[in-house]
Amino acid sequence: MSNKLWYKYKKGSGFVSQKEIEVAINNAEVSLNMEGLFVSEQTKILCKKLLSQEITMEEYLKLVKQKAGVTA
(Lines give C-alpha, C1' and ligand atoms only; values in the text may rest on other atoms or scores of the structure.)
Protein backbone atom coordinates (compact mmCIF):
# COMPACT_ATOMS: atom_id res chain seq x y z
CA MET A 1 0.00 0.00 0.00
CA SER A 2 1.43 3.39 -0.87
CA ASN A 3 2.41 5.71 1.94
CA LYS A 4 0.05 8.36 0.55
CA LEU A 5 -2.99 6.08 0.88
CA TRP A 6 -1.95 4.84 4.32
CA TYR A 7 -1.37 8.41 5.48
CA LYS A 8 -4.88 9.43 4.44
CA TYR A 9 -6.30 6.41 6.26
CA LYS A 10 -4.31 7.05 9.43
CA LYS A 11 -5.42 10.69 9.51
CA GLY A 12 -9.05 9.55 9.61
CA SER A 13 -10.20 11.05 6.33
CA GLY A 14 -10.63 7.64 4.72
CA PHE A 15 -9.87 6.79 1.14
CA VAL A 16 -11.26 8.78 -1.72
CA SER A 17 -12.71 5.78 -3.50
CA GLN A 18 -13.12 2.02 -3.49
CA LYS A 19 -10.90 2.03 -6.59
CA GLU A 20 -7.97 3.35 -4.54
CA ILE A 21 -8.55 0.62 -1.98
CA GLU A 22 -8.65 -2.04 -4.71
CA VAL A 23 -5.42 -0.70 -6.24
CA ALA A 24 -3.67 -0.66 -2.85
CA ILE A 25 -4.75 -4.21 -2.01
CA ASN A 26 -3.83 -5.49 -5.48
CA ASN A 27 -0.40 -3.86 -5.27
CA ALA A 28 0.21 -5.44 -1.87
CA GLU A 29 -0.95 -8.83 -3.17
CA VAL A 30 1.37 -8.68 -6.18
CA SER A 31 4.28 -7.78 -3.92
CA LEU A 32 3.52 -10.72 -1.62
CA ASN A 33 3.13 -13.07 -4.60
CA MET A 34 6.60 -12.08 -5.82
CA GLU A 35 7.90 -13.24 -2.43
CA GLY A 36 6.10 -16.57 -2.78
CA LEU A 37 3.28 -15.65 -0.40
CA PHE A 38 -0.41 -15.68 -1.22
CA VAL A 39 -3.43 -13.79 0.10
CA SER A 40 -6.79 -15.47 0.64
CA GLU A 41 -10.02 -13.90 -0.55
CA GLN A 42 -11.18 -13.70 3.06
CA THR A 43 -8.08 -11.70 3.96
CA LYS A 44 -8.64 -9.30 1.07
CA ILE A 45 -12.25 -8.81 2.19
CA LEU A 46 -11.09 -8.01 5.73
CA CYS A 47 -8.55 -5.53 4.37
CA LYS A 48 -11.22 -3.83 2.28
CA LYS A 49 -13.48 -3.54 5.33
CA LEU A 50 -10.65 -2.06 7.40
CA LEU A 51 -9.59 0.42 4.74
CA SER A 52 -13.22 1.41 4.08
CA GLN A 53 -13.58 2.05 7.82
CA GLU A 54 -16.33 -0.57 8.11
CA ILE A 55 -14.37 -2.20 10.95
CA THR A 56 -11.78 -0.84 13.38
CA MET A 57 -8.17 -1.92 13.58
CA GLU A 58 -9.00 -3.75 16.82
CA GLU A 59 -11.83 -5.67 15.11
CA TYR A 60 -9.57 -6.44 12.15
CA LEU A 61 -6.81 -7.82 14.38
CA LYS A 62 -9.29 -9.92 16.34
CA LEU A 63 -10.67 -11.45 13.12
CA VAL A 64 -7.20 -12.09 11.69
CA LYS A 65 -6.08 -13.78 14.92
CA GLN A 66 -9.21 -15.93 14.93
CA LYS A 67 -8.56 -16.94 11.31
CA ALA A 68 -4.98 -17.88 12.22
CA GLY A 69 -6.08 -19.83 15.29
CA VAL A 70 -4.33 -17.49 17.74
CA THR A 71 -6.05 -17.58 21.11
CA ALA A 72 -3.91 -15.11 23.08
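Here's a short walk through the chain, stop by stop.

First, some ground rules: this is a predicted model, where local features need pLDDT of at least 70, side-chain atom pairs count only at pLDDT 80 or more, and totals for chains, interfaces and linings use all residues. Residues are numbered from 1 along each chain as its sequence is written, and side-chain values use heavy atoms, with hydrogens and water left out.

Start with the cartoon view. You'll see four helices and zero strands, running α-α-α-α from the N terminus; helices here are DSSP runs of H or I, at least four residues, and strands are runs of E, at least two. Of the 72 residues, 21% are buried (under 20% relative accessible area, 1.4 Å probe, protein chains only).

Next, select residues 18-34, which is helix α2, and pick out Glu29. Glu29 counts as buried because its relative accessibility is 18%. Leaving aside residues up to four places away in sequence, Glu29 touches Val39 and Lys44 (heavy atoms within 4.5 Å). Zoom in on the Glu29 and Lys44 side chains: a polar contact of 3.3 Å joins them (a pair of N or O atoms within 3.5 Å, one able to donate a hydrogen and the other to accept it).

Lys44 takes you to helix α3, residues 41-51, where the buried residues are Lys44, Leu46, Leu50 and Leu51. Look down the α3 axis: these buried residues fall within an arc of 160 degrees, so they line one face of the helix (the arc uses directions from the helix axis to the C-beta atoms).

Note on methods: Buried means under 20% relative accessible area, exposed over 50%, partly exposed in between (1.4 Å probe, protein chains only).
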